[in-house]
Amino acid sequence: QVQLVESGGGLVQAGGSLRLSCAASGDTMCISAMAWYRQAPGKERELVAVITSGGSTKYSDSVKGRFTISLDNTKNMLFLQMNSLKPTDTAAYYCHADPSRPDSFCSAMGYGGGMEFWGRGTLVTVSS
């Protein structure tokens, strides 16, 4: 199993910055990609940023140029540096892991085939 625990959320003024962290534990060697999602009240959960185990990144248009996703493989920590925050960034932010590496160990553990792991979220509130 993979356990994900987010931290770093809080209240911040518009234009400010926050750094979210996601601590991954368990079978982290089976993770092929990690991502940050967010969900605002009354809205669907949306993808914010993705990073693969090889370091390739993608961002949603709404955060491109302001947010940076990074991964510390040594510490099994995922980060989201959020700068120039806007009130529209207010949401619960969730850490996501895709355990689909084709390693024999991972396959034996039953990973892949659409299996996903989620953290419980951390709330970010940006005031104007």
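Which side chains meet in a salt bridge at 2.8 Å, N to O? They belong to Arg-38 and Glu-46. A salt bridge here is a side-chain nitrogen of Lys or Arg within 4 Å of a carboxyl oxygen of Asp or Glu.

Before going on, a word on the model. It is predicted, so local features need pLDDT of at least 70 and side-chain atom pairs count only at pLDDT 80 or more, while totals for chains, interfaces and linings use all residues. Residues are numbered from 1 along each chain as its sequence is written, and side-chain values use heavy atoms, with hydrogens and water left out.

**Salt bridges**

A search of the whole structure turns up five salt bridges. Here are three of them:

| Pair | N to O distance |
|---|---|
| Arg-38 and Glu-46 | 2.8 Å |
| Asp-89 and Arg-38 | 2.9 Å |
| Asp-103 and Arg-101 | 3.7 Å |

Asp-89 sits in the loop between β8 and β9, and Arg-38 in strand β4, so this pair links parts of the chain that are 51 residues apart. (Strands are DSSP runs of E, at least two residues, and helices are runs of H or I, at least four, numbered from the N terminus.) Arg-38, Glu-46, Arg-66 and Asp-89 are linked in a network of salt bridges.

How open are these residues? Buried means under 20% relative accessible area, exposed over 50%, and partly exposed in between, using a 1.4 Å probe and protein chains only. Arg-38 is buried at 6%, and Asp-89 is buried at 0%. Glu-46, at 34%, is partly exposed.

**The core**

Nonpolar side chains tend to be buried together in soluble globular proteins. The largest nonpolar core in this model has 31 residues, and Leu-4, Met-34, Trp-36, Leu-80, Met-82 and Tyr-93 touch the most other members. Such a core is a set of buried Ala, Val, Leu, Ile, Met, Phe, Trp, Tyr and Cys residues joined through side-chain atoms within 4.5 Å. Among the strands that each supply at least two of its residues are β1 (2-7) and β9 (91-98).

**The sheet**

Two strands count as paired if DSSP finds at least two bridges between them; β1 and β3 have six.

Asn-76 has a positive phi near 55 degrees without being a glycine, and its place is in the loop between β7 and β8. Ser-84 is not a glycine either, yet its phi is about 50 degrees.
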